[in-house]
Structures are given as C-alpha cells and as structure tokens.
Amino acid sequence: MATTFAFQETLPKLPVPTLEETLAKYLRTIEPLTTPEELERNKALAKDFIKPGGLGQALQQRLLDVDRAAPKNWLNDTWWISKAYHEWREPLLVNSNWYIMMKNEVNHPTVFQPSAENSAYSTFQVKRAAHVSQQLLDYAEKLFRQEIAPERTRSGPLCMNQYTQLFGVTRIPQHGCDRLVNNAFPSTSKHIVLIAEDQLFKVDMYSKDGKRLLDGDVERQFLNALTQLKHIKRSAPIGLLTCDQRDAWANAREHLLVLDPQNRKSLQVIEDALFCVTLDSIKEPTKIDRKDDFAEWAKFGMHGHGGHNRWCDKSLNLIFERDGKFTCHGEHSPCDALIPALIMEYIVLKPTDLNAPSINGFVDAPTYLPFVTDAKVQEHIKAATVTIENLSKNSDCGIINFEEYGVDFVKKSVKTSPDAYLQMAIQLGYYKQMGQSCATYETGSTRQFRDGRTETTRTLSSESAAFCKAMEDPSVKPEEKMKRLRAALAAHSAYQKDVANGRGCDRHLLGLRLCMQSGESHGLFQEPVFTKSGAFLLSTSGLFAGDYFIGT
C-alpha cells in the first residue's frame, strides 16, 4: 500500500485559466440573472477587459507571476485561507464552523445511569467519549506513520495535505486577520482538552513511559475530571468568547493575556491540544427531550447550548450529550469538512466496549486550566452571550429523511449523477417558493491539484432556469420537461467537470481582482450582476451520505 503522502510531489499545480475561457464561462453563468440589455452591456465590458492592452491582460500577467512564485498552489500559497476565512470577522459559530451528527451505536442503551463520580453525567456518555477519543488517537497515530491510504478518483490521486491540518491545530483571533497555530506535523502533543460545564482540563493520553492509554484508562481520566468539578474554584466561561465576533474575541484574548500569566499558560495548553472533547451535562438547558428529533439535535451541533462547552477555534471538537449522542464540530479554515467526515466514519466503526480494557500505566491526573478574569472580561463574556443568542435565534435546522427512492433509482432509471439530480431538485424547490431563480453555490473539489481546496460550482444556469420554468408551466408537455431536465443535468455536470479540472471562473476572477493595484478598477466588477451572481442565496455544500451520519 502506498504511504499517505506518496503522491504529493507528483500532483500538478492549480492552473491559471485563460482570460477568454474564464470570461466566457462567467458570462454564461449570469445569463439567467440579467435582462438582454444587461447581458449585452456585460459582454461589452468583458470584451474591453480582455482586449490587448486592457486591464485584464495586465492582471493576468501579474497572476501568472504569482503562480510562478508559488511553490505549490497560487491560490492557497498566497491568499486562500486569509481571504476566504481569516479576514472574515463574523463569528465562527453558525457562519463558518461545520458539524457532523453521528448515529447512535448498535449497543446504545435506552436508559442512562448517572455516573457515581458526578450524577450530572451518564456512565455510557463517559464510556463512549473515552472510546471515540481513543479511536481518534489511533487514527492520528496511523496518519503520523503515513499508514492511511492516499485517496484517489478515476482521474488519479488526490491531495492529502488537509490531513496535516487537523491534530494540534487551532485558529487564534487577531485584529483584521486571524492565524492558525499548530505543532509541526506529526504533532508532538500528547494531550487533549476536556470541557465540562465551561471548565477545561488538560488530559494526558499517554502514560509516563510513553504508552498510549486505552479506553478504560481514558474513561478514568474523564471521571477524575468530573470529580474535580465538584471541588475546584470555577473560572468564568471563557469558551463563550470563541463564539463571538472575531475582533471582539481578539480584544478579549489580548486583555486576558495581559491580565495574568496564568491565562497564557491555560490558552497555550488548549491551543496545543490534539483535539477537544466536550461532555454536556444534565445541567445544560434543553428545550425538549430530543429522542429522535434530529432537527433539535442539529441545533446543538451547530451552536451548542447557547455556545456553552465549546471551543470554536479548535479544528476538532468531539461533543457527547448525556444520552450518548455524538457530534463532531470543527473550525473550517484549516480543512474542508469532507476530511473529518472520512475520519469520523473510521473512528465509529468499532462500538464502545462497556468493559473497556486498560494498560493501568502511571499517568498524571487531569490538570484543571483556570483563568484569571476581571470586570472587563465579564463584559466581554456578556457581549458574547448576546451575540450567540442572536445568532441562535436567527438560525434554524431541518433534517428530512426522504425514503421514497434513492441513489439507485437516480443512477439506473434517470441515468444521471445523484448530485446533479439533487441540485436540480433544490433549484426547482426554490423556484416554486420564490417564483424566480437565484445564484447558487455548490462546493467543487480541486484536490487533484497540489494543496487544492475548493472552487465554486455555479449551479444556476440558463438550462436549469428553463427547466424550472417548464416545470411550473402546465402547458408544457412532460416530454419537454424531461428534455429540459436532461439539458440542465448535462450543463451542471459539465460545469462540475471544469471545476474539478481547476477551470471554474470564481477563483480566477478572485485572483485577478486581488492583483489590482491602488487606483485600478474596471466596470465589469462594478456591475450589479457581478455582486448578485456571487451573493449565493442558496449555499448547497454537502457530504457523502455516510453509513454512520444523521446529518451535517
């Protein structure tokens, strides 16, 4: 078997498309959003932009120089994380962080016994948290040894770089633009952080002689921390600050660091941790007994119990409710959600052992991570609480389990890509509700290129708009409706193929605009449709179905 990063050096760089190709593609995508007069005006502006001696030609040459200087990927090496994520100042909660809800286990109990160490938590909750944590650590060690098989498609191997950005990685707030802090890959960290009732503990995952703890050992470590909860002098809920607007959190963090050296010590332990584990207690406010109300559960995956017991800056957070439900929540900038989704599938394959084994090695007890606060910190926390409450009230979740047919029907009867089929269903659903189409985003992967991340698949097309209009017109015969559906599906699949080959229009247009110098501008980028076509009222990112997922 090839090692995890065996093909990295063989992957090509992300291409810089030609001006003509990108502008032609862009003009096609704005057709359903413009009147004939607006479209003609934009065509004239595009022609002026790419003419010999025009601004477009100068920007293209500058971008080609950026590409030459970039060691791996002109977009990712130069701009991507800062422009797509770190300069955005809105809260990570809801706006950016991803979450994945995992199914209950095959041996999931129906009655949850309170833990003897702390009755606010259940024994199964602690056992499952310990087991999944240990499984994730097992995966991390295999990754560090490069024993995870490199992924590939029919087109060839895929970039595995994002796998290096998960363990021991944390985003920290800074004014104007955040940054990532992480240990070198493989991570040298040997601990995780446990969060319970807004208190944080350093939990070592290796014994004094270097042996990795087993499920039973981790379980005892967690129970030790839950016992400590009864006796410690509690700190303010600092984790709430990670849910706030980024400049507000930057201000608060800076004040914490200046206030007392202990705060730097606690923050550094959290930021260096391999990942975080949260145990939500019976004390956390819940609106209802959720049972199988997955939409209500998804709200907790997305924004938690009012932001409590979360550290939004951490790449990986394993969250366990008192009834044993497990959600993974993570920060988006170091990697796309597909990567942790693949990892989650791996770590839940083996169910929790209710009589877990131990190595019984000597290990330090969990270390409580206190914070020193003052009135100013309390004001920051109060403001963060308002931000979280407003975000939560302005967000909703719905999960539909559609059981009438599935992938097999789409592939065999419709003979098309299930993704394209679902995209057209979403287009039609929006059109039926709103009476018009809108600019629509779908994530496209560029991982066949070195350090490739994503490109925008523009789902709305003239063909999809024509399909939606036909479906709502009773005078159009079924045969014609089917014909228009086929045309829309073909257009979508063709655009997706271009995206996978690094030939979408959005990233290239972004690169060109970022190459503009002070005082330079062009009417093409000032047209209302340029903003409208990139203001995606529908954002339709999705993950593979997964054998163990409830929702994402």
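A disulfide is a pair of cysteine sulfur atoms within 2.5 Å. The structure discussed here is a predicted model, in which local features need pLDDT of at least 70 and side-chain atom pairs count only at pLDDT 80 or more, while totals for chains, interfaces and linings use all residues. Residues are numbered from 1 along each chain as its sequence is written, and side-chain values use heavy atoms, with hydrogens and water left out.

The model holds zero disulfides. The cysteine sulfur closest to that of C328 belongs to C335, and because the two lie 9.5 Å apart, they are too far from each other for a bond. For C438, the closest cysteine sulfur is in C468, at 9.8 Å, which is again too far. C328 is buried (under 20% relative accessible area, with exposed meaning over 50% and partly exposed in between; 1.4 Å probe, protein chains only), since its relative accessibility is 0%. C438 is also buried, at 5%.

Attention now turns to the nonpolar cores. Such a core is a set of buried Ala, Val, Leu, Ile, Met, Phe, Trp, Tyr and Cys residues joined through side-chain atoms within 4.5 Å. The largest one has 55 residues, of which F167, F222, L318 and M344 touch the most other members. Its largest share, nine residues, is supplied by helix α6, residues 123–144; helices (H or I, at least four residues) and strands (E, at least two) are DSSP runs numbered from the N terminus. Another core, of 37 residues, lies apart from it and includes L33, F49, W74 and L524.

Finally, T459 sits in the loop between β13 (454–458) and α15 (462–471). T459 counts as buried because its relative accessibility is 1%.
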